Amino acid sequence: MKKPDYGKVMKIAAGAGLAMILAERLGLNYSASAGVITLLSIQDTKKETIRVVVRRLLSFVLAMVISAACFSAFGYGPVAVSVFLLMFSTVCMAFGMQEGISVNTVLMTHFLAERSMNAVNIGNELGLLVTGAGIGVLLNLYIPGKERVIRMSQRQIEGRMKEILWNMAKQLTAADQERSNMPSDQPPLTSRLTELDETLRQGEKSAYEDMENKLLSDTRYYLRYMNMRRTQAFVLGRIEAEMSHLKELPSQARPIAELMERISVSFHEYNNAVELLASLDRVTCSMREQPLPESREEFESRAVLFQILLELEQFLEIKKKFVEELSAEEIGKFWKENAC
């Protein structure tokens, strides 16, 4: 079972009651509808709440026009309601305003009950909409920030990536027999990558929600960070697939393993990967200067190692590009220290 969002539940319960009381104090008919509108207006994020309210206000104008036409043509009965829903739903779906269908249909039925669509009744429905939606927006202006949760996710993601790189390095330096008899208490790389994927998914969700809950500040940094790590995780998956093709470990595997260990040790948010790319270039040059392989098996293994080296280069370039695209303001705000 998913843990309920108790904060949202409390907002819905308190907001609906408050909207009904306010609607009654304002002398509006059908005050319960204001509570329902509040319930439907409270979304998971601030920006989504505001977007939903704006779309409902726009669709309200459309609903009034279509309602007037339908009641005028077909009278106050089921036929008018059916024609209204046919036309109103079609237009709302066409313009991405589905949120307005249920709310404005309820408001339209009040005209049906009153058998009149005069200025007083239209004003009553507008008052219900503004009261319900306004209470929803006001209550949702407070949503706790997720920076602490995001920072925790970042540490977990980086920890898992460091662990994966370190274990890849160990596999590249192990003998064939040792690699085929890994200790049972050590989960395979595939399992570690699956755990990383789940941690990334949670981090991406928190980063998106944090961005959607900041009305005046730009926190897209966290979402870009998660996207960067997600892309790096894809590269780690490709490296894992390449390593499964290794039938033997020629001497060229050791410098690649040492490079992986170095990447693992220096792996953190503030590393710009420049020095690591320089180290990778040195390993690449050294491999190209090696004598040609003497057997088909050695040739195939060295080809796999070279592909792993190319993937590592892509892995580091992803981080380097991420750092290069940061603004000075983002570095000062989110890094809390200079890049190294």
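**Figure 1. Helix α9 contributes the most to the lining of the largest pocket, with five residues.** The model is predicted: local features need pLDDT of at least 70, side-chain atom pairs count only at pLDDT 80 or more, and totals for chains, interfaces and linings use all residues. Residues are numbered from 1 along each chain as its sequence is written, and side-chain values use heavy atoms, without hydrogens and water. Helices are DSSP runs (H or I, at least four residues), numbered from the N terminus. A pocket is an open set of points, on a 1 Å grid over the protein atoms alone, where a 1.4 Å probe fits, with protein on both sides within 12 Å along at least five of seven lines; lining residues have an atom within 4 Å of a point. The lining comprises 23 residues, of which Lys-3, Asp-5, Lys-146, Lys-205 and Glu-209 lie nearest the pocket centre. Two or more lining residues come from each of α1 (6–25), α7 (147–173) and α9.

**Figure 2. Helices α9 (residues 189–212) and α10 (residues 220–243) have axes that come within 9 Å.** The axes, lines fitted to C-alpha atoms over the stretch in contact, cross at roughly 165°, on a scale from 0 to 180 degrees between N-to-C directions. The two helices, α9 and α10, are therefore roughly antiparallel (angles over 145 degrees).

**Figure 3. The second largest pocket is lined by residues that include Met-287, Arg-288, Phe-299 and Phe-306.** Helices α12 (274–288) and α13 (296–324) each supply at least two lining residues. Of the elements, α13 gives the most, with four residues.

Note on methods:
Parallel < 35°, antiparallel > 145°, perpendicular 65-115°, else oblique.
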